[in-house]
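Take a look at the sequence and the 3D structure below. Then read on for a short tour.

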Amino acid sequence: MKLAKRILAGSLLMVIPSVALAQQALTGTVTTIDRISGTIGIQQAQNGTVGASSGGATEQFKVSPGALEKVHAGDRVTFSVSESGGKKTITKIESQ
C-alpha cells in the first residue's frame, strides 16, 4: 500500500510541471486567420540569440470565434495554449 502511494505521488509530481508549462504565456506574430474553421496561424518568437533573426515555424491553433475578432494578420500577440487530444487550443490571446 505504501509503495502504491509513493508511485501515485511521484506520478503527480511529474504531471504538475507539464500542466504549468502548457499555460505559460507565449509570444509571436499572427500570420493567418481562418474564421471559417476557427484557426489561427502564429509564428512564435525565438528565444535566445542563436537564430534570433530567423523566425520559427508557423503553428496552427484552434481558437474561439470571439477571440479571432480581436487580432489581425501581422499583429504581435501574447497567448496561452492548452493541449487536449493532440490539438492545441488558444485559451487567451492579446495584441501587444
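What percentage of the 96 residues in the protein is made up of buried residues? The share is 20%. Keep in mind that this is a predicted model.

## Overall layout

The protein has two helices and five strands.

Now consider the contacts between residues at least 6 apart in sequence. Of these, 48% join residues at least 24 apart. The surface is also worth a look. The protein exposes about 6,800 Å². Carbon and sulfur atoms supply 60% of that area.

## The nonpolar core

The largest nonpolar core has 13 residues. Those with the most contacts inside this core are Ile40, Ile42, Phe61, Val77, Phe79, Ile90 and Ile93. Which elements give two or more residues to the core? They are β2 (39-44), α2 (65-68), β4 (76-84) and β5 (87-95). The largest share, three residues, comes from β4.

Isoleucine 90 shows how core residues meet. Leave out residues up to four places away in sequence. Isoleucine 90 then touches Ile40, Ile42, Phe61, Lys62, Val63, Phe79, Ser80 and Val81. Of these, Ile40, Ile42, Phe61 and Phe79 are also named among the core residues with the most contacts inside the core.

## Strands β4 and β5

How do β4 and β5 run, parallel or antiparallel? They run antiparallel, and eight bridges join them.

β4 and β5 form a hairpin with two residues between the strands. In this hairpin, glycine 85 takes a positive phi near 65°.

## A closer look at threonine 39

Threonine 39 lies in strand β2. Is this residue buried or exposed? Threonine 39 counts as buried because its relative accessibility is 16%, and the cut-off for buried is under 20%.

What does the side chain of threonine 39 make a polar contact with? The partner is the side chain of serine 37, at 3.1 Å. Again, set aside residues up to four places away in sequence. Threonine 39 then touches Ile33, Asp34, Gln60, Phe61, Lys62 and Leu68. Two of these, Phe61 and Lys62, are touched by isoleucine 90 as well.

Methods: Residues are numbered from 1 along each chain as its sequence is written. This is a predicted model: local features need pLDDT of at least 70, side-chain atom pairs count only at pLDDT 80 or more; totals for chains, interfaces and linings use all residues. Side-chain values use heavy atoms; hydrogens and water are left out. A nonpolar core is a set of buried Ala, Val, Leu, Ile, Met, Phe, Trp, Tyr and Cys residues joined through side-chain atoms within 4.5 Å. Buried means under 20% relative accessible area, exposed over 50%, partly exposed in between (1.4 Å probe, protein chains only). Helices (H or I, at least four residues) and strands (E, at least two) are DSSP runs, numbered from the N terminus. Contact means heavy atoms within 4.5 Å. A polar contact is a pair of N or O atoms within 3.5 Å; within protein, one must be able to donate a hydrogen and the other to accept it, and residues adjacent in sequence count only if both atoms are side-chain atoms. Accessible areas come from the Shrake-Rupley method with a 1.4 Å probe; for residues, only the protein chains shown count as cover. Two strands pair if DSSP finds at least two bridges between them.
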